[in-house]
Amino acid sequence: MGSDCLFCRIVAGEIPATVVRETDTTLAFRDIDPKAPVHVLVIPKEHYADIATLAQGDPALAADVLATSAAVAEDEGLLGDGFRLMFNTGAYGGQEVFHVHAHLLGGAPLGPMLARNLA
């Protein structure tokens with residue numbers, strides 16, 4: 001992508017991150033502002049803006065992101081009680097960093113998926 005993508009810079013080692021798993025194609029690291037006891041971001045090392053672009057452009061890499069997410073969930077002890085895997089896409093989806101990333105959340109009851117006050 002370029003030097004302006006935060007996650008590309010993490011992949012390049014320019015910005016530190018607490019890495020929990022790395023494969024040839026993916027990187028998983030702890031979120032710096034966790035929303036649950038376990039909050040890990042799972043990204044492809046190659047830049048794609050969002051999950052739709054990734055799924056259309058490289059389905060095998062999208063599968064790698066899911067496989068890494070499942071492995072991290074197991075490593076973090078989340079398989080028994082469950083976890084949430086979430087992709088935010090676009091402005092309405094709440095995406096803040098435009099490099100596709102899965103939020104793996106767990107370690108406590110997470111409550112409803114959306115705020116109840118949505119119209």
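A search of the whole structure, which is a predicted model, turns up 1 aromatic pair (rings of Phe, Tyr and Trp, the last by its six-membered ring, pair if their centres lie within 6.5 Å; planes under 30 degrees apart count as stacked, over 60 as edge-to-face and the rest as tilted). The ring centres of Phe7 and Phe29 are 5.6 Å apart and their planes stand at 75°, so this pair is edge-to-face. Phe7 sits in helix H1 and Phe29 in strand E2, 22 residues apart, and the pair links distant parts of the chain. Here helices (H or I, at least four residues) and strands (E, at least two) are DSSP runs, numbered from the N terminus.

Let us follow Phe29 into the sheet. Val19 has Phe29 as its bridge partner in E2, while Leu41 in E3 stands opposite Phe29. E1 and E2 are joined by 3 antiparallel bridges and form a hairpin with 3 residues between them. Strand E2 (residues 26-30) also runs antiparallel to strand E3 (residues 38-44), with 5 bridges joining the two. Two strands pair if DSSP finds at least two bridges between them.

Now step back to the open sheet: its 5 strands, paired antiparallel, follow the order E1-E2-E3-E5-E4. Strand E1 (19-22) and strand E4 (83-87) are at the edges with a single partner strand each, so one side of each has no neighbour in the sheet. On average, neighbouring strands are turned by 20° against each other, direction ignored.

Helix H3 (residues 59-75) lies across E1, E2, E3, E4 and strand E5 (102-106), at about 155° to E3. Contact means heavy atoms within 4.5 Å; axes are lines fitted to C-alpha atoms, for helices over the stretch in contact, with angles from 0 to 180 degrees between N-to-C directions.

Finally, look for the largest pocket, where 24 residues form the lining and Asp31, His39, Leu41, Glu96 and His103 lie nearest the centre. A pocket is an open set of points on a 1 Å grid over the protein atoms alone, where a 1.4 Å probe fits, with protein on both sides within 12 Å along at least five of seven lines; lining residues have an atom within 4 Å of a point. H1 gives the most to this lining, with 3 residues.

Residues are numbered from 1 along each chain as its sequence is written. Local features need pLDDT of at least 70, side-chain atom pairs count only at pLDDT 80 or more, totals for chains, interfaces and linings use all residues, and side-chain values use heavy atoms, leaving out hydrogens and water.
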